Amino acid sequence: MNRWIPALFAALLLLAGCSGSTTRTEALPDIYPDYIGVTVPAGIAPLNFNLPEEYDRVFVRVAGSRGGELRARGRWAAFPIRKWHALTRQNAGGTLTVTVLGHKDGRWTQWQDFPIYVSDAPLTDYGVTYRKIAPGYTTYSHIGIYQRDIHSFVEEPIIESTLTPGQCMNCHTANATDPEQFLFHLRGRHGATMIQQGGAREWVTTKTDSTIGNVAYCYWHPGGRWFAGSINPVRQSFWTGDQRTIEVFDLASDLVVMDVRDHSLVVDPRFTTPDYLESSPAFTPDGRTLYFCRAKAFPVPQEVEKIRYDLVRTSFDPETGALGDIETVFPASREGHSISFPRPSYDGRWLMYSQADFGVFPISHEEADLWLMDLSTGETRPLTEINSPVSESFHNWSSDSRWFLFSSRREDGLYVQVYIASIDEQGRCTKPFVLPQKNPRKYYHNTLYSFNAPDFTKTRVRFDTRGVYRDVFSDERIQSTVKP
C-alpha cells in the first residue's frame, strides 16, 4: 500500500467531519448498484450508490485522472449533478478513482479504491423511453409509457393507463431515435396505432379483410414515409412442474408495411402465409433492406417449444414499398435456437439480436442472450461481456450507434431494469450499468414495476396527452386504411 494512503484517509475523515477508529481492507466495497469498473458517457446522470443497510453513513471522494474531484457524504453517495457533469466532461477519455468509507457500530471502513471509466464517445441523446408495467397476468393493471432525461433524474409520463382502463399500450417507436415521428399501439376494444408526426397525430388500424389484426412490433423506414410491422395475436400460457412460469407466443404472425401518407398497406402473400410466422421487422439505415424473424408454424401452445425463428431479410423499394425475395441470414433453428428483435445499428455496421432456445418473446426466457453480427463480414458472436445468467432482451441503439441499451432481469431474476453499455469500432462492449437513480436502493427495491421496450430519443418527446385521452374511446378517430 502506498505510504500516502493513511494520510489521505485521515484527511478525508477530517474533511468529512468524521471521527472514530478505522479499518482498511483490500476488498472492494459492496455498493448498489454495481458501478465498479463501468464505462459511462460524460454528462450522464450521477452514479449515486448505496452501501449495505447496516452502514449508517458513507463518505466518498471521486478524483479524475485529468483533474478535478468531488465528494459526497450522507446516508448514501449522492453527487451534485452540476459538479458530476463538470467532472465527467473534464475527464472524458480518462478515469475516475472512487474512494469509499462506510460507518457502522462506531467504526469506519475504507475499502479498496475502484475505477469508473469516462468514455471519449459522447452520448448526446436527450434520454430514454420505456414502458413500465406492474406484475400480473390477467389484467393490465397500471401501465404506462415514460421518458427519462438520462442527464438528470427527471422522469415524466408520455401516456398512462389511468384514463384508459382495460387497455394495454405497448411497442412505442421513434424513427431512428427522433420523436418527431413517433407511434405506439393501443390494444383492446378501441385498439389502433397512434402515429404522431411533427406534433400532429392520427389513429390507424391495419385490420382489413386481408389481414388478421393490428400491427404490434413496428419499425420506421428512415425516410419517414413507411413503417413495417408484424401482426401478432398474442397469447400466454403457464408452465407446471417446471422452473419456468409463463410462455408468451403468437397464434399467428404476419408482416405488413404501411404508407403513412395515405394509410395504404403493402400485404404480400409470401409474408402472410399461415405456414410461417413473421415478427420484429427492422429497416437498415439506407432503407433498402428489411430484416425480420421467421419461423415455421406449429400448433400452440401444444408444440410451442418447436417454434424457432431464423434471422432473414428482404430487399425493400422505398418508392413503391415492394418487398423482394426472402433470404435466410442466420438459420438459428438448425442449431436448436431462436432469434428475435434484430436491430441494425444506425451507422450500418452491426446488427444486435436476442437468442433463446425457442419462441419469440425472450424477456420470459432465462437463457435469452444478446448476440452481435458484423454486417460487413456476417460473423456473429454472443456478447459474453454483456450477458448474464438470466434474460437479456429489448435492445436498441443510440443515435450515433456508440451506445446501446437493453432490458435485463439480472438483479433478482424477476424484475426487468434498463442497462446501458458502449461499443467500439471492433465490436467490443463495456461493462453495462443500470440506469442511474437519485437513491438507487429506494427507487429499485421499492418499485413493483418492470421496465421494458426501452429506446433512446434524441430529444424530449412532446406529446398532447390530454388530446390522446380524449381520442382513446372514440372509434371515429380511426382513419380509414386503404385495402391492399
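A polar contact is a pair of N or O atoms within 3.5 Å; within protein, one of the two must be able to donate a hydrogen and the other to accept it, and residues adjacent in sequence count only if both atoms are side-chain atoms. Here is one to look at: the side chain of Ser-388 makes a polar contact with the side chain of Glu-392, at 2.7 Å. Ser-388 sits in the loop between strand E28 (380-382) and E29. Those labels come from DSSP runs: helices (H or I) need at least four residues, strands (E) at least two, and both are numbered from the N terminus. Ser-388 counts as buried because its relative accessibility is 15%. Buried means under 20% relative accessible area, exposed means over 50%, and partly exposed is in between, using a 1.4 Å probe and protein chains only.

Before going on, keep in mind that this is a predicted model: local features need pLDDT of at least 70, side-chain atom pairs count only at pLDDT 80 or more, and totals for chains, interfaces and linings use all residues. Residues are numbered from 1 along each chain as its sequence is written, and side-chain values use heavy atoms, with hydrogens and water left out.

Now for the empty space inside. Rolling a probe the size of a water molecule over the atoms shows where empty space is left. On a 1 Å grid over the protein atoms alone, a cavity is a set of points where a 1.4 Å probe fits but cannot get out, and lining residues have an atom within 4 Å of a point. Grid points are joined across faces, edges and corners, and a volume is the space filled by probe spheres set on the points. How many cavities of 30 Å³ or more does the structure hold? There are 3 of them.

The largest cavity has about 270 Å³ of space. It is lined by 18 residues, and the closest to its centre are His-172, Thr-173, Cys-218, Arg-343 and Asn-396. Strands E11 (169-175), E15 (215-220), E25 (338-344), E29 (392-397) and E33 (450-457) each supply at least two residues of that lining. Sorted by type, the lining of the largest cavity has 12 nonpolar, 4 polar and 2 charged residues. In that sorting, Ala, Val, Leu, Ile, Met, Phe, Trp, Tyr, Cys and Pro count as nonpolar, Asp, Glu, Lys and Arg as charged, and the others, Gly among them, as polar.

The second largest cavity has about 50 Å³ of space. Its lining includes Phe-249, Asp-250, Leu-277 and Tyr-309, and divides into 6 nonpolar, 1 polar and 1 charged.

Let's go back to E25, one of the strands that line the largest cavity. Is this strand mostly covered or uncovered? E25 is mostly covered, with 7 of its 7 residues buried. Pro-342 is found in this strand, and Pro-342 counts as buried because its relative accessibility is 0%. Although Pro-342 and Ala-282 are 60 residues apart along the chain, their C-alpha atoms are separated by 6.7 Å. E25 also pairs with strand E26 (residues 350-356) in the antiparallel sense, over 5 bridges; two strands pair if DSSP finds at least two bridges between them. One such bridge puts Pro-344 together with Leu-351 in E26. The hairpin of E25 and E26 has 5 residues between the strands, and there Gly-348 takes a positive phi near 80 degrees.

For a sheet, look at the four strands in the order E21-E22-E23-E24, which form an open sheet with antiparallel pairing. Strands E21 (276-283) and E24 (327-330) are at the edges, each pairing on one side only. Strand E23 (residues 309-315) and E24 pair over 3 bridges, and Val-312 stands opposite Thr-328 in E24.

Most residues other than glycine have a negative phi, and most peptide bonds are trans. Yet a cis peptide bond joins Tyr-32 and Pro-33, with omega about -5 degrees, and the bond from Val-300 to Pro-301 is cis too, with omega near 5 degrees. Pro-301 lies in the loop between strand E22 (289-296) and E23. As for phi, Asp-105 has a positive value of about 55 degrees although it is not a glycine, and Ser-401 has a positive phi near 65 degrees. Where do they stand on burial? Asp-105 counts as exposed because its relative accessibility is 72%, whereas Ser-401, at 2%, counts as buried.

Methods: 1 Å grid on protein atoms, 1.4 Å probe; cavity = no way out; pocket = protein on both sides within 12 Å on 5 of 7 lines; lining within 4 Å.
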